[in-house]
Amino acid sequence: MINITKNKIERLREDFPILSRKINNKQLVYLDNSATTQKPMQVIDAITDYYTNYNSNVHRGLHKLSEEATVKFEESHEKVADFINADFQELIFTKGTTESINLLAYSLSSKLKKGDEILITQMEHHSNLVPWQQIAKSFGFKLNYIKIKNDGTLDLDDIKLSKKTKIVSCVHTSNFLGTINPVKEIGKIAHENNSLFVLDGAQSVPHMPIDVKNIDCDFLAFSSHKMLGPMGIGALYGKKELLEEMEPFNYGGDMILEVRFDDTKFNELPWKFEAGTPNVAGAIGFGASIDYLNKIGMENIKNYSNELTGYALKRLSEIKNLEIYGPLNPEKRGSLISFNLINIHPHDTTSLLDDYGIAVRGGHHCVMPTMKLMGLTGSTRASFYFYNTKEEIDYLAETLEKVKGVFK
Ligand code: 7TS
């Protein structure tokens with residue numbers, strides 16, 4: 001395990017060639033890690049190695065290449081499952097968080113009755129809102145929301161459950177407010193009501209140690225590309241007994257044990273939920289990203305992330321006419337800060353920062369209802385990972401003063 005010091009970061013940054021790029025003749029300062037993280041050479045090399053040396057389909061060939069690809073593919077499954085303390089059969093590869101939640105929403109819809117209720121929060125990413133909203137519309141379920149308080153945390157006194165509430169689904173770390181929700185507490189409340197508890201871990205799994213058994217969530221969705229791995233692959237964790245009872249979402253090859261003209265016997269977990277040729281290169285890259293994160297240690301990543309976020313909160317709150325959204329305690333927020341410069345459109349702030357080589361995201365961050373609730377149309381968001389430095393945050397703060405100067 002590596003304790004993250006300034007020297008160590010410099011060495012780690014050498015694994016990420018893109019971080020030495022120049023943008024507009026300026027050194028790139030990449031602060032858009034909530035959208036996607038950069039990839040180290042170890043991940044890029046693992047993918048290249050697969051395509052160069054053992055490209056083949058999995059679970060079907062009896063030849064050497066297919067055997068090698070299958071072993072590596074299944075090893076990646078194992079690594080990702082271990083990473084969140086899940087069992088091998090409980091970890092399904094999907095395209096990412098969005099597909100994981102769609103899989104769940106559609107598969108669970110057959111277990112619910114008309115009039116049943118689903119409870120989510122007012123701070124969900126569209127991925128954990130639209131799928132529930134649309135199945136509610138299609139099948140006659142009711143969608144309810146836990147309110148947000150003025151400080152950007154959830155109002156736990158507002159959790160209204162009834163016998164009809166069958167699912168509670170909640171974001172772990174908000175991608176806009178940064179709020180880290182008390183998920184163990186929410187899960188306990190859900191379980192006392194016999195509701196299933198679903199967790200959107202897209203912004204938490206990359207930044208802190210996650211133990212699904214300790215949290216006691218029934219399902220957890222996350223994406224590889226937000227934790228050093230490739231795009232187009234992610235995971236859905238589900239408790240074995242629940243996955244066993246659920247209907248598959250996709251039907252086709254690889255998810256079957258036996259097919260007759262009149263019926264089909266499905267494959268065992270996790271393959272029952274992985275129909276068709278999977279994203280083998282993606283899976284192998286995902287496995288390599290897990291190796292890389294384990295080498296640094298998730299506890300180290302979490303501690304450094306708190307330190308960096310605390311520093312950024314301090315530097316940004318020194319800027320006059322800059323409004324920060326979400327909790328101001330770095331222990332209670334993930335590694336991201338959404339803000340606006342008063343009277344300056346976030347798109348202007350974001351594109352002026354780009355002129356200085358700073359990559360941040362500006363816009364509605366896929367949380368349109370939350371923005372509307374707060375009377376906003378958008379924000380600028382700086383989001384960090386362990387390869388970012390305090391010097392980069394200083395540069396962001398100095399450049400924001402320059403942006404303000406442009407509009408004087
Ligand atoms: N849930 C949360 C909390 C997210 O932040 C995101 C992506 C998703 C779900 C969807 O993940 P995907 O990998 O399936 O797309 N969030 C963002 C973001 O904040 N900026 O770009 C993507």
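Q: In which strand is Thr-94 found?
A: Thr-94 belongs to strand 4, residues 91–94; strands (E, at least two residues) and helices (H or I, at least four) are DSSP runs numbered from the N terminus. This is a predicted model, in which local features need pLDDT of at least 70 and side-chain atom pairs count only at pLDDT 80 or more, while totals for chains, interfaces and linings use all residues. Residues are numbered from 1 along each chain as its sequence is written, and side-chain values use heavy atoms, with hydrogens and water left out.

Q: Why is Thr-94 called buried?
A: Buried means under 20% relative accessible area, exposed over 50%, and partly exposed in between (1.4 Å probe, protein chains only). Thr-94 has 7% relative accessibility, so it counts as buried.

Q: Which residues does Thr-94 touch, not counting those up to four places away in sequence?
A: They are Glu-99, Ser-100, Leu-103, Gly-232, Ile-233, Gly-234, Ala-235 and Leu-236. Contact means heavy atoms within 4.5 Å.

Q: What makes a polar contact of the pair formed by the side chains of Thr-94 and Ser-100?
A: The term needs a pair of N or O atoms within 3.5 Å; within protein, one must be able to donate a hydrogen and the other to accept it, and residues adjacent in sequence count only if both atoms are side-chain atoms. The Thr-94 and Ser-100 side chains make such a contact at 2.8 Å. The Thr-94 side chain also reaches the backbone oxygen of Gly-96, at 3.1 Å.

Q: How do you know that the buried residues of helix 11 are on the same side?
A: In helix 11 (residues 346–355), the buried residues are Pro-346, Thr-349, Thr-350, Leu-352 and Leu-353. They cover an arc of only 165° around the axis, so they lie on the same side of helix 11. The arc is taken from the directions from the helix axis to the C-beta atoms. Their cover includes strand 14 (336–341), strand 17 (379–383) and helix 13 (390–406).

Q: What are the bounds of domain 1 and domain 2?
A: Domain 1 is 6–36 + 297–406 and domain 2 is 44–295, with bounds from an automatic or database domain assignment. In contact are 39 residues of domain 1 and 34 residues of domain 2.
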